[in-house]
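Hi,

Here is the structure I said I'd pass on.

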Amino acid sequence: MIPEINYWAVLLATVAAMVIGSTWYTPKVFGTRWMKLAKVAPPTSSASAWLPILVSIVLAFLLAWVLAGAVTIAW
């Protein structure tokens, strides 16, 4: 049984997760404090940041897709 999933809603949830996450971890909000508490060094170049961002996008999409399927099945 494959539930009918609204993929526009899944894409919107993925974008929302990325916008909220990027806002949350900016240095002006909680980024500096988070790096200090987690003992994370700031990246030396932006080229080393593409892999974690790509993984975050994929995981946000999968989370939204699974949640949409679970809600559809539960409904």
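Let me start with the pocket lining: by class, the residues around the largest pocket come out as 13 nonpolar, 5 polar and no charged. Bear in mind that this is a predicted model. The space in that largest pocket is about 570 Å³. There are 18 lining residues, and Gly21, Tyr25, Trp34, Pro52 and Ile53 sit closest to the pocket's centre. As for which elements contribute, α1, α2 (27-38) and α3 each give two or more residues to the lining.

Next, the helix pair. Helix α1 (residues 7-24) and helix α3 (residues 50-74) have axes that come within 9 Å and cross at roughly 135 degrees. An angle over 145 would count as roughly antiparallel and 65 to 115 as roughly perpendicular, so α1 is oblique to α3. Their crossing is right-handed.

On the α1 side, the contact is made by Tyr7, Val10, Leu11, Ala13, Thr14, Ala17 and Met18. From α3 come Ile53, Ser56, Ile57, Ala60, Phe61, Ala64, Trp65 and Ala68. Sorted by class, this contact has 13 nonpolar, 2 polar and no charged residues.

Cheers

Notes
Residues are numbered from 1 along each chain as its sequence is written. This is a predicted model: local features need pLDDT of at least 70, side-chain atom pairs count only at pLDDT 80 or more; totals for chains, interfaces and linings use all residues. Side-chain values use heavy atoms; hydrogens and water are left out. Axes are lines fitted to C-alpha atoms, for helices over the stretch in contact, and angles run from 0 to 180 degrees between N-to-C directions. Helices (H or I, at least four residues) and strands (E, at least two) are DSSP runs, numbered from the N terminus. Angles under 35 degrees count as roughly parallel, over 145 as roughly antiparallel, 65 to 115 as roughly perpendicular and the rest as oblique. A crossing is left-handed if the near helix is turned anticlockwise from the far one by less than a right angle, and right-handed if clockwise. Contact means heavy atoms within 4.5 Å. Ala, Val, Leu, Ile, Met, Phe, Trp, Tyr, Cys and Pro count as nonpolar, Asp, Glu, Lys and Arg as charged, and the others, Gly among them, as polar. On a 1 Å grid over the protein atoms alone, a cavity is a set of points where a 1.4 Å probe fits but cannot get out, and a pocket is an open set with protein on both sides within 12 Å along at least five of seven lines; lining residues have an atom within 4 Å of a point. Grid points are joined across faces, edges and corners, and a volume is the space filled by probe spheres set on the points.
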